[in-house]
Amino acid sequence: MTLRDLLGDLKYEIICGDIDTEITDITNDSRKAVSGGLYFAVRGAKVDGAKFIPDVIRNGAAAIVTQKSQEKLSYLLENDILINGEFSKDEESKVTIIRVDDVRYAMGMMSSEFYGNPSEELTVIGITGTKGKTTTSYMIKEMLELAGFKAGLIGTIEIDDGKECVAALNTTPESLVIQEKLRHMVDNECDAVVMEVSSQGLMLDRVAGINFDYGIFTNLSPDHIGPNEHADYEEYRNWKKKLFSLCKIGIYNLDDPETEYMMQGSTANPITFGKSEDADYIARGHNLYMENGILGIEFDLDGTLEGHIKVDLPGDFSIYNSLAALVVADCMGVSFDEIQRILELIKVRGRVEMIPISDAFTLMIDYAHNGVALESLLKAIREYNPKRIVSLFGCGGNRAKSRRYEMGEVSGKFADLSIITSDNPRDENPQAIMDDIKVGIDKTGGKYVDIIDRKEAIRYAIMNAEEGDVIILAGKGHEDYQEIKGRKHHMDERDLVKEILEEEDVSKICGYNNRYFAE
């Protein structure tokens, strides 16, 4: 494929070279630039990729796409490299340099071309919002697969291309990665892909070049605001809104106050869900149930579809996650009987994930890692009238301190006991982070203990559980590591629970019934 083919309808300026040059590979990592390849000089949060242009040229790259003008490039290029793209020491070596207004956007569009525009061969379902993206994405994937479709997944936990699953590094990966994975999905005979679309992914044009069939809006509340994220809430919600200018059908939670804003100026055909009488898919009433340590919810569906829905996931938010999933399934022709059956079976790793080790109390793992998510979860659990809510959590290092105060205050208000422990301390002292959390809890007078070692904190929660308790291990969710001083050490809370059960006299555990690990 030639550089001209890849550029397509993009606006660009040729600084030097020939756009009919053949391109055999594409990358935005200068270390992976190869002879005959194309290098995107992307400006990152810490390093400008244009800094490595001289190295890329020496490695024999055929072309470079940059935002730098010719004048700025001349300062970057070392003395033995001429601005006309030739080595002064080797007149046979040449490179083509293209200038565009936005390298990230160009990278998305050009990588789509390089991989043969794979999104055009798939039904693409994008999900955005603050909460519920991961759970909803798994619900949709499970429904489609059990209904006979083959579906790929790109999300917070993993990337599944229909043949291989790999751990995800970002909720929405770089466009180069997405387009390559979409091509794999097509080659692996997938019919559809479910994709979590983050505000960062939209802001950084990681989804440029993707043709979305469906865009789903779950809800919106302040999050990802701070250093290297978003400047403020306005910026955050503006980028979320962008998805609905990229999809054919917009599926909106009509009960969320930001839905009207999300729909403004949208080119998508709207479909709505919620408890509102104006919604297309209406949830009426609900009943909570608690059976052998499992919390669930059921409700009646009205409007476009009518019938009863039961889900082994707790909380009002499970109604909304279920509604979003069933709307997509219905639009894609999945029968209502299948939708009902599948919703009863669904489990999502790290999202109100039950670890049923006792018939007397409930133990769950959840990703709630900010004040809004934790408050929503604790309020949802309170509706089940547990004897106690035990909230075990920490906060990440190198992140806004306000999140620590908020989580401490929320847990102090809505939990009966808070167990403060370590999360991902990164470059900070874990005890200092925990002390910040205590500042929030101390405002409430809530009862707490602090145990810096997470395994020991979990041990304390299990061994001191009482009948009717709900214990929430919050913040880590699907993560299977703890990040300390730049290194990720393996730490999966499921493994920690298993180890504790092997080390302790389980007869001392209230209502012990190890169904989870026995299975």
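Trainee: Where does Lys240 lie?
Mentor: Lys240 is part of helix 8, residues 233-241. Keep in mind that this model is predicted.

Trainee: Why is Lys240 called buried?
Mentor: Set the value against the cut-off. Buried means under 20% relative accessible area. Lys240 has 2% relative accessibility, so Lys240 counts as buried.

Trainee: Which residues is Lys240 in contact with, leaving aside neighbours within four places in sequence?
Mentor: Among them are Thr128, Gly129, Lys133, Val197 and Ser198. Leu202, Leu220 and Met262 are also in contact with Lys240. Contact here means heavy atoms within 4.5 Å.

Trainee: How far apart are Val449 and Ser418 in sequence and in space?
Mentor: They are 31 residues apart in sequence. In space, the distance is 6.5 Å, C-alpha to C-alpha. Ser418 is also one of the contacts of Val449, along with Leu417, Ile419, Ile420 and Tyr460.

Trainee: What is the order of the strands in the open sheet?
Mentor: Six strands, in the order 19-20-24-21-22-23, with mixed pairing.

Trainee: Why do strand 19 and strand 23 stand at the edges?
Mentor: Strand 19 (353-354) and strand 23 (448-450) each have a single partner strand, so one side of each has no neighbour in the sheet.

Trainee: How do you know that strand 19 pairs with strand 20?
Mentor: Count bridges. A pair needs at least two. Two bridges join strand 19 to strand 20, residues 362-366, and these strands run antiparallel. Met354 stands opposite Met364 of strand 20.

Trainee: Why is strand 21 called mostly covered?
Mentor: Five of its five residues are buried. Ile389, Ser391 and Phe393 point one way, Val390 and Leu392 the other.

Trainee: What makes helix 15 largely enclosed?
Mentor: Seven of its ten residues are buried, so the rest of the structure largely encloses helix 15. The buried ones include Arg454, Ala457, Ile458 and Ile462. Their cover includes strand 20, strand 21, strand 22, strand 24 and helix 16.

Trainee: At what angle does helix 15 run to strand 21?
Mentor: About 175°. Angles run from 0 to 180 degrees between N-to-C directions. Helix 15 also lies across strand 20, strand 22, strand 23 and strand 24.

Trainee: One more topic. How many residues line the second largest pocket?
Mentor: The lining has 21 residues, and Tyr105, Met109, Ala208, Gly209 and Ile210 lie nearest the centre. The volume of the second largest pocket is about 340 Å³.

Trainee: Which helix gives the largest share of that lining?
Mentor: Helix 4 does, with five residues. Helix 1 supplies at least two.

Trainee: How do the lining residues divide by type?
Mentor: Eleven are nonpolar, five polar and five charged.

Technical notes:
Residues are numbered from 1 along each chain as its sequence is written. This is a predicted model: local features need pLDDT of at least 70, side-chain atom pairs count only at pLDDT 80 or more; totals for chains, interfaces and linings use all residues. Side-chain values use heavy atoms; hydrogens and water are left out. Helices (H or I, at least four residues) and strands (E, at least two) are DSSP runs, numbered from the N terminus. On a 1 Å grid over the protein atoms alone, a cavity is a set of points where a 1.4 Å probe fits but cannot get out, and a pocket is an open set with protein on both sides within 12 Å along at least five of seven lines; lining residues have an atom within 4 Å of a point. Grid points are joined across faces, edges and corners, and a volume is the space filled by probe spheres set on the points. Ala, Val, Leu, Ile, Met, Phe, Trp, Tyr, Cys and Pro count as nonpolar, Asp, Glu, Lys and Arg as charged, and the others, Gly among them, as polar. Buried means under 20% relative accessible area, exposed over 50%, partly exposed in between (1.4 Å probe, protein chains only).
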